[in-house]
Amino acid sequence: MCRYFNKDFFLKTNEKVAYCHLALPRGDNSSHVIGHVLLQKKEQLSCQQPGGSVPAEQVGLGLEERPLLLGPLTHLSVKMSARNPGTDLDLEWLSKVRVNTQAVLNRALHIQGLKLPKKQWQTAWLLKAASCIDLTTLAGDDTPSNVHRLCVKAIQPIRYDLLRRMDMHDKGLTTAAVCVYPSRVADAVRSLKASNSSLPVASVATGFPAGQTPLETRLQEVRMAVRDGATEIDIVINRTLALTGQWEVMYREIVQFREACGDAHMKTILATGDLGTLTNIYKASMVAMMAGSDFIKTSTGKEAVNATYPVAIVMVRAIRDYFLRTGHKVGFKPAGGIRTAQEALVWLTLIKEELGNDWLRPHLFRLGASSLLADIERQVYHHVTGQYAAYHELPMA
Ligand SMILES: O=C[C@H](O)COP(=O)(O)O
């Protein structure tokens, strides 16, 4: 019957119930919802399906007091959504864009003020956040050995014994990808292969972080990263073009990057901290999607201002508008300066509120972060043991 149990613990938060989907996988990475399970207490487990009820055990749901921590978190984690084919550049659409700054700021404040899940519900959300992380190292002193350490951590993001105490040890929890500089792609691919892991390797490219190298050099960088085994490419836009309103040139560059990516998925970094206005951010988001980006990403982590909630509101509204107009779902990746578990919860809330549960999957949502996982693991440790971990108790990436 059910090939897997696709648990959705986002539908009801802060309530002592969890509402889950029973889903059958389709060939194209999506799933077909065939019924729902409402989890309350173990005595009250019930399952409604079109055509009748079945005992919860038959759908692989154990009678377990911690229902929120059940279910594979990562069946989708190493898959990407269908590619965004892009569209022609619609300059008329761009010319009409006006962003109401005050409304965006109000919305961002509202989202930040929403109640966040507590206790085991919070832990479930944090495991979800971990499964959406592009675990990143982008430092001048990166070496094969620290990239190897990053890969090991990405494969086992939370200590095994902690997962075991939540019955999550056999659910295949990993981060969504590792993210490195182009020169380190081969190291990451080698490390993951040695561990028999199919975790994707993402590479930044196109003159990261400034994007100020000649176009041919930037294209060559993409091709080399793909050749070395990167299956996701995080390109940076040429901010000069955005700041001077050269949207057509920017569109053409991104189209070329997309071609150079081949089968690799392309995430486009807007470096929003450099773009000056929210209107520019909306326009750059739209041009990037029209040019065929599979994700749009806020920042490189190297700008003075990186991922912020108001910027995210503008970008996810552009994603929503693009989806309504074209039917293509583009992913969103906030990145840069995201360090705490609390922030991760706010990011998940923002996505849930603005784009809905469909986007709360690694194939449409990533958190680009180098140190966030450490805090998430620390909070999980606290949930499981009641104590805070000393530094040496949690292996770092
Ligand atoms: O793409 C990811 C970012 O560069 C990571 O930034 P971070 O080191 O501030 O977490």
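Biologist: How far apart are the end C-alpha atoms of helix H9 in this model?
Modeller: Happy to work it through; keep in mind that the model is predicted. Helix H9 covers residues 247-261, which makes 15 residues. At 1.5 Å a residue, these should span 21 Å, and the model agrees, because the end C-alpha atoms of H9 are apart by 21 Å.

Biologist: Which residue just after H9 takes a positive phi?
Modeller: Let's follow the chain past the helix. H9 ends at residue 261, and Cys261 is among its buried residues, as are Trp247 and Phe257. Just after H9, a positive phi of about 60 degrees is taken by Gly262.

Biologist: Which strands are included in what covers the buried residues of H9?
Modeller: The buried residues of H9 include Met250, Tyr251, Ile254 and Arg258. Their cover includes helices H1 (91-95), H7 (215-227), H8 (239-243) and H10 (278-290). The strands included are E8 (232-236) and E9 (265-269).

Biologist: How many residues of helix H3 are buried?
Modeller: H3 runs over residues 119-131, and its 13 residues should span 18 Å, which agrees with end C-alpha atoms 19 Å apart. What covers its buried residues includes strand E5 (133-136), helix H12 (341-354), strand E12 (367-369) and helix H13 (372-385). H3 is mostly covered, and of its 13 residues the number buried is 11.

Biologist: Leaving aside neighbours within four places in sequence, which residues is Ala129 in contact with?
Modeller: Ala129 is one of the buried residues of H3. It also belongs to the residues with the most contacts inside the largest nonpolar core. Beyond its neighbours in sequence, Ala129 is in contact with Ala344, Leu348, Leu367 and Ile376.

Biologist: How many charged residues are in the shell around the ligand?
Modeller: The ligand is surrounded by 13 residues, and the closest are Gly301, Ala335, Gly368, Ala369 and Ser370. By class, the shell has 5 nonpolar and 8 polar residues, and the count of charged ones is none.

Biologist: Over which residues does pLDDT stay under 50?
Modeller: The chain averages a pLDDT of 84, and 80% of the residues score at least 70. The model also scores ipTM 0.97 and pTM 0.82. Where pLDDT is low, predicted coordinates should not be read in detail. The stretch where pLDDT stays under 50 is residues 1-78.

Technical notes
Residues numbered from 1 in each chain as written. Predicted model: local features only at pLDDT ≥ 70, side-chain atom pairs only at ≥ 80, totals over all residues. Near = placed C-beta within 6 Å. Nonpolar A, V, L, I, M, F, W, Y, C, P; charged D, E, K, R; others polar. Core = buried A, V, L, I, M, F, W, Y, C linked by C-beta atoms within 7 Å. Buried ≥ 20, exposed ≤ 12 C-beta atoms within 10 Å, placed from the backbone. Contact = placed C-beta atoms within 7 Å. Helix = DSSP H or I, 4+ residues; strand = E, 2+ residues; numbered from the N terminus. Expected span 1.5 Å × (residues − 1). pLDDT = per-residue confidence, 0-100.
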